[in-house]
Amino acid sequence: MSGPSDFQPTNPALKWIERRLPIMGLMHSSFVAYPTPRNLNYWWTFGAILSLMLGVQILTGVILAMHYTPHADLAFKSVELIVRDVNYGWLLRNIHASGASMFFFAVYIHMFRGLYYGSYKEPREVLWILGVIIYLLMMATGFMGYVLPWGQMSFWGATVITNLFSAVPYFGESIVTLLWGGYSIGNPTLNRFFSLHYLLPFVIAGVVVLHVWALHVAGQNNPAGVEPKTEKDTVPFTPYATMKDMFGVSCFMLFFAWFIFYMPNYLGDADNYNPANPGVTPAHIVPEWYYLPFYAILRSIPNKLAGVIAMFGAIIILAFLPWLDSAKTRSSKYRPLAKQFFWMFVVVCIGLGYLGAQPPEGIYVIVGRILTVCYFAYFLILLPLLSRIEKPRPVPNSIADDVLAKSGRKSATMASAVIALLVAGGLFAGSVQDARAEDHGASPPGQKWSFSGPFGKFDRGALQRGLKVYKEVCSSCHGLSYVAFRNLADAGGPGYSVAQAAAFASEYKIKDGPNDQGEMFERPGRPADYFPSPFPNEQAARVANGGAAPPDLSLIPKARSYKRGFPMFLIDFFTQYQEQGPDYVAALLQGYEDKAPAGFNLPEGSYYNKYFPGHAIKMPKPLNDGQVTYDDGSPATVAQYAKDVTTFLMWTAEPHMEARKQLGLQVFVFLILLTVLLYFTKKKVWANAH
Amino acid sequence: MTTASSADHPTRRDFLFVATGAVAAVGAAATVWPLVSQMNPDASTIAAGAPIEVDLAPIAEGQDIKVFWRGKPIYISHRTKKQIDEARKVAVSSLPDPESDEQRVKAGHDQWLVVIGICTHLGCIPIAHEGAYDGFFCPCHGSVYDTSGRIRQGPAPSNLPVPPYTFVSDTKIQIG
Ligand code: FES
């Protein structure tokens with residue numbers, strides 16, 4: 001993309017094509033011979049990482065779309081079926097869902113890098129603006145993608161975000177109706193979001209081509225911020241940049257795989273495992289972590305229209321950066337003041353992200369306002385001012401000089417970069433954790449689960465006992481509608497044989513039909529049938545249970561959580577603690593107290609539970625000592641029942657957990673090997689260049 | 001790329017490059033596997049393809065029914081004496097796809113013909129009791145099958161396939 005190339009293939013067939021369509025020359029001049037500054041550091045590998053992430057998202061997205069049903073009644077279920085039934089469906093979904101977070105994580109680093117090294121300055125203004133456009137498109141795509149699973153957070157996130165447009169004077173309501181295709185969020189909304197979510201990534205890919213084109217015309221910026229002058233300042237893209245990028249990508253994949261295989265729900269919200277319910281808003285509506293800073297800005301401003309303008313303004317302002325900062329020196333390395341303020345700005349952004357996940361009350365609001373002012377002041381006051389008053393340090397004469405000067409302290413830079421990356425990642429990633437359900441009473445005690453940790457496996461005995469508890473106790477009120485009888489014989493499950501599962505199924509009466517006479521009839525269950533639900537519909541369930549419909553249990557341990565708080569959520573990231581749900585469910589089953597504490601006003605028809613949010617639960621104490629007989633000698637106590645049934649429900653919530661952790665181990669062994677090899681290969685290749 | 005520093009250890013360098021390339025290639029190949037495997041029928045589809053039982057009692061002589069198994073139409077014909085005789089009279093060697101009628105039905109249940117009703121030409125559904133041989137006639141491109149579901153005329157290359165099935169009792173079969 002940088003002018004005609006002198007590349008000529010030798011093969012006559014290729015020559016023939018090349019004369020008519022010089023595509024090989026284009027590739028060669030853009031990705032092989034292209035001169036790249038020799039002093040680029042690892043922050044520059046994020047361009048390659050982002051290209052990879054776009055590819056990964058498009059590929060997994062196209063595949064998921066083959067199995068997904070964009071219909072308000074079926075979307076949630078179809079996502080569950082992808083995860084449960086499609087070959088490697090759980091893997092593809094985990095990649096796509098955490099891939100979105102990784103994509104944003106990488107883009108933020110890429111943007112901060114551009115900010116620090118002045119990559120937006122003359123002659124790269126258009127390059128930068130194209131980047132801002134890509135970022136905007138990514139936000140739109142990410143938002144619409146989050147709506148597709150049609151869980152509670154999907155639904156209410158969509159409601160809140162689309163309602164932003166109602167702030168527009170005069171036309172607000174009409175715009176929102178237009179977006180919804182109805183009088184509220186519903187099936188038409190879901191369908192159009194699906195269509196656009198499929199379209200936008202290809203638009204992004206198109207703008208990325210322009211972005212790369214602009215990059216190859218202006219040339220890459222570099223840490224020194226001086227343009228390459230002689231041959232000595234650059235190295236050819238291949239193999240130098242290619243190898244370095246590949247090593248960077250490989251390191252990033254290790255980080256990515258940690259989420260895919262070990263922490264797939266760490267960045268998600270437990271509430272999104274509850275199907276969308278237009279009648280109940282979750283206690284805390286929190287967007288995905290990558291929108292949190294802007295969400296915090298929105299909430300800091302007490303006026304609706306002003307808040308929305310501030311939020312969009314916070315993004316749009318980036319496009320004006322080349323003109324707000326008119327300093328001649330590009331790299332903040334040589335701008336002592338700009339450098340300090342840059343890091344302060346990073347802290348402000350992370351702070352805003354943290355606040356975006358907190359409830360909008362008290363001190364959080366005040367700090368949010370201060371940080372919002374700081375955010376805008378950085379762009380509107382500080383940068384213009386600095387470019388006038390700051391005295392930059394002298395920049396090196398050439399890139400070659402820069403390389404010579406710093407070859408001594410290289411490893412230190414790299415180590416600090418890695419540490420900064422890890423801390424930032426943990427912080428960003430963790431900030432959303434705080435948003436989880438808040439009003440819980442006591443924190444459930446942490447239990448020891450056989451399935452926790454990287455090598456965790458389900459305890460088969462507990463699964464079988466838990467199934468018995470479910471069947472004899474829970475099933476009278478709670479469905480298990482995503483679990484089929486055949487699943488009882490699946491690998492990684494309770495360990496029954498196919499014949500045992502079939503025998504178990506045949507004890508159930510399943511409604512089938514219509515037959516040739518047009519009548520419904522009952523027949524014995526087959527392995528392909530799903531656990532029948534105790535009530536024919538939600539209304540019936542509600543009436544029979546004092547107004548509160550007993551939730552389906554298939555996903556319960558993943559759909560319930562409690563606040564971990566700082567710094568636990570950071571530690572959880574490294575210890576792979578993912579068992580908030582099971583801890584809560586097990587605690588709830590044992591948390592009944594005969595008498596509510598003095599002063600607690602227990603409503604009629606409710607029971608007091610230590611761990612239930614608000615303490616007044618409609619479900620009577622379900623388990624009592626000796627209620628279920630175990631044949632394997634395990635104690636017939638409430639504690640044992642609770643533990644067993646929770647283990648069983650964890651399996652129903654994630655039937656492929658063992659496969660996930662096993663594959664994760666293999667992938668990690670492979671990736672570590674590849675990363676080490678790439679590191680040495682890169683070192684070998686670069687040995688010539690220094 | 002051949003400079004003094006790397007020429008010192010040519011073999012070690014080459015080994016490193018080859019090893020890295022090989023490991024990367026293995027990784028790429030392993031990545032393709034789940035991406036392709038997901039296209040196969042999923043677990044619920046496979047479970048729904050379990051064997052089905054069909055009650056033959058209501059099917060009168062000379063009648064046939066169509067049932068679905070794994071999304072495919074299965075014809076079950078209760079053949080008349082005349083139809084059976086016609087199917088057995090013809091010289092097997094004269095057929096385009098030689099197969100005797102006895103091979104295509106279960107011994108002792110000669111009146112029952114069970115075939116997958118998908119034309120072996122290009123997949124249309126032939127109409128029962130039509131065509132010159134009183135068997136099946138495919139309207140798409142004119143293939144004609146006889147009372148044993150064997151191809152007699154037209155572009156179809158082979159006989160209508162017989163699905164796997166067994167007699168559970170005299171009046172009940174299990175397909176699959
Ligand atoms: S499909 Fe039946 S004749 Fe062509």
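1. Two residues are in contact when heavy atoms of theirs lie within 4.5 Å of each other. The model discussed here is a predicted one.

2. The geometry of the helix pair deserves a separate remark. Two packed helices are described by the angle between their axes and the distance between the axes. Helix α11 covers residues 292–300 of chain A and helix α14 covers residues 336–356; their axes come within 7 Å and cross at roughly 70 degrees. Angles of 65 to 115 degrees count as roughly perpendicular, and α11(A) and α14(A) are therefore described as roughly perpendicular to each other.

3. Is A:G307 buried or exposed? Its relative accessibility is 0%, so A:G307 counts as buried. When neighbours within four places in sequence are left aside, A:G307 is in contact with A:L298 and A:I301. The C-alpha atom of A:G307 is separated by 44 Å from that of A:F31, a residue 276 places away along the chain.

4. Two peptide bonds in chain A call for attention. Most residues other than glycine have a negative phi, and most peptide bonds are trans. The bond from A:E122 to A:P123, however, is cis, with omega near 5 degrees. A:P123 is located in the loop between α5 (89–116) and α6 (125–147). A cis bond also joins A:T238 and A:P239, with omega about 5 degrees. A:P239 is placed in helix α10, residues 237–262 of chain A.

5. In A:W150, which is not a glycine, phi is near 55 degrees. This tryptophan sits in the loop between α6 and α7 (152–163) of chain A. Its relative accessible area is 6%, so A:W150 is buried. In chain B, phi of B:D134 is positive at about 60 degrees, although B:D134 is not a glycine. B:D134 is found in strand β6, residues 134–138 of chain B. With a relative accessibility of 28%, B:D134 counts as partly exposed.

6. The domain divisions are as follows. Chain A is divided into domain 1 (1–33), domain 2 (34–401 + 413–437 + 665–686) and domain 3 (440–483 + 552–655). Taken over C-alpha atoms, the centres of domain 1 and domain 3 of chain A are 64 Å apart. Chain B is divided into domain 1 (1–40) and domain 2 (47–175). In chain B, the centres of domain 1 and domain 2, again taken over C-alpha atoms, are separated by 55 Å.

7. The final point concerns the interface. The size of an interface is often given as the accessible area lost when the parts come together. How much area is buried between chain A and chain B? The figure is about 2,100 Å², and carbon and sulfur atoms give 72% of that area. On the chain A side, A:N87, A:K684 and A:N688 lose the most area to chain B, together 26% of what that side buries. The contact involves 25 residues from chain A and 26 residues from chain B.

Terms used:
Residues are numbered from 1 along each chain as its sequence is written. Chains are lettered from A and ligands numbered from 1 in the order in which they are written. This is a predicted model: local features need pLDDT of at least 70, side-chain atom pairs count only at pLDDT 80 or more; totals for chains, interfaces and linings use all residues. Side-chain values use heavy atoms; hydrogens and water are left out. Helices (H or I, at least four residues) and strands (E, at least two) are DSSP runs, numbered from the N terminus. Buried means under 20% relative accessible area, exposed over 50%, partly exposed in between (1.4 Å probe, protein chains only). Domain bounds come from an automatic or database domain assignment. Axes are lines fitted to C-alpha atoms, for helices over the stretch in contact, and angles run from 0 to 180 degrees between N-to-C directions. Angles under 35 degrees count as roughly parallel, over 145 as roughly antiparallel, 65 to 115 as roughly perpendicular and the rest as oblique. Buried area is the accessible area (1.4 Å probe) that two parts lose on being put together, summed over both.
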